[in-house]
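Please look through the sequence and the structure below before reading on.

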Amino acid sequence: MQRGGGGRKGGIEDAAKGGSPRGYSGFHGKVLAPRTPGTPQGMTQPVAEGNIGNVTLPVRMTIPIFTLVVAAVSFAAGLLGSLTGLGGGVVLVPLLTIFFHVDIRYAIGASLVSVIATSSGAAAAYVKEGISNIRIGMFLEMATTSGALLGAFLATWMPVRAIAVIFGTVLLYSAYISRRVRTEAQRNLPPDPLATRLRLNGSFHDIEGHRTYNVQNVPSGFSLMFGAGTLSGLLGIGSGAVKVLAMDQAMRIPFKVSTTTSNFMIGVTAAASAGVYLSRGYVDPGLSMPVMLGVLAGSLLGTRILVKAETKSLRLVFSIVILVLGLQMLYKGFWGGL
Amino acid sequence: MPSGLHAFEEFRPQPWRDRRMEVILGNLLRAGVMVSAVVVLWGACIYLHRHWHEAAAYRIFRGEPSDYRTIPGVIESARGGHGRGWIQLGLLLLIATPIARVAFSIVGFSIERDRLYVVFTCVVLVILLYSLLGSGLRL
């Protein structure tokens, strides 16, 4: 196992050294100087393309096909993102890196775009429906934006693999914890004085009827949100998983309100770190274009489904998505390939 | 519906519903997303038309050139008719949408005379602007 991992890692380093343009239309034909000046064989040989990783899927795609496939995948990501409050980034970063062999920094840039697109696209509907709670959102955004600020600056000296391991661990933990379904007694809690003073309690209407709710544990929810913001700054995703969990598990907010309010918030958290990633050149227009358009269409479909969906099935979708992706990210983090 | 819920609601304080603000914020978000999607789509047409036969390669990180990393660079590139410049301009509009939403919330909460939330929203906006301007994003 160890030997295999080493070999793969070597392959990536070779590829990075070669830095051959390989038809990357990149920057209108202007090829930027590779990080390490190209060795002669690096320029002539399309460095062992199929050997990196064990997936030999799209080794070489033309731009229209790549755009179409990425848009289709992004559509699914936007759909899942708007249903679960995860923002699509959670789905996109692993998919782009694992199946499309996109460098994780480009993937992070693209997923940042996808998070803002899902958030704003879906929030338009959820806010109008009155499912997201804008007061909870605005209050907790103080925590997530300041956390994101910290995370984005930590990200410059965090190694890529460590980020993947953190990401994977967060996802696994989230999958485990989110399956717990609440009993009726846990649903009908008395008002918390702090939450009442902050006017966080609310009500919403969906297929299961009209429900009022009282927000609990405001301080711990706020701290968890700071952590969620830090992660999103680190990983370039809205880290909606932590947000949903903080609202759902700690603050005892109904699942649909948690996911849609998370969805409302992640755009702002992502926008806070967008400047950093944009100015570092992580946001590639050729990659972000199909991601943004696909995710947007998917998220608009998701909003129509959520209102009618049962909470139980939404919880199930939520935990399955994050379980699978958590495992993938841990694998990539420990055995290389990123 | 749990049977105990009705009895509960009687002494429960009236939950806050900000209907008007919700509708306005919803429309604002929708407009921002739609405008940026149209701009990105326009850029996509130019980009795909020009690069139809080329291969996509994102395995190796090179970083974007300064044209796509700064706001003046993006605007200049879009004015030059570059597809990528238009796409990047649309993405900038997309990034601006949640920021505009926060800025507008300040107006909304002050119309409702909710000072506490005006303060909260101002804090969010300041952090947002600080992280955008302090991140080396050249305006």
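What follows is a walk through a predicted model.

Of the 139 residues of chain B, 42% count as buried. Among the contacts within chain B between residues at least 6 apart in sequence, 60% join residues at least 24 apart.

One helix of this chain, α4(B), covers residues 83-111.

Next comes the contact between the chains. On the B side 68 residues take part, and they are in contact with 75 residues of chain A. Elements of chain B that each supply at least two residues to this side are α1 (5-11), α2 (19-50), β1 (55-56), α4 (83-111) and α5 (115-133). The largest share, 16 residues, comes from α2(B). By residue type, the side of chain B that touches chain A divides into 42 nonpolar, 14 polar and twelve charged residues.

Strand pairing also links the two chains. Strand β1 of chain A, residues 61-62, pairs with β1(B) in the antiparallel sense over two bridges. In this pairing T62(A) stands opposite A55(B).

Chain A has a strand pair of its own. Strands β2(A), residues 202-206, and β3(A), residues 209-213, run antiparallel and are joined by five bridges. A hairpin of two residues connects β2(A) to β3(A). The bridge partner of H205(A) is H210(A), in β3(A).

The last topic is the core. The largest nonpolar core has 128 residues, and those with the most contacts inside it are V113(A) and M292(A). Helix α5 of chain A, residues 104-129, gives the largest share of this core, 16 residues.

Which residues does M292(A) touch, leaving aside those up to four places away in sequence? In chain A they are V113(A), S114(A) and A117(A), and in chain B they are V40(B), L91(B) and L94(B). M292(A) therefore has contacts in both chains, given that two residues are in contact if their C-beta atoms lie within 7 Å.

Definitions and conventions
Residues numbered from 1 in each chain as written. Chains lettered and ligands numbered in written order. Predicted model: local features only at pLDDT ≥ 70, side-chain atom pairs only at ≥ 80, totals over all residues. Core = buried A, V, L, I, M, F, W, Y, C linked by C-beta atoms within 7 Å. Buried ≥ 20, exposed ≤ 12 C-beta atoms within 10 Å, placed from the backbone. Helix = DSSP H or I, 4+ residues; strand = E, 2+ residues; numbered from the N terminus. Nonpolar A, V, L, I, M, F, W, Y, C, P; charged D, E, K, R; others polar. Pairing = 2+ DSSP bridges.
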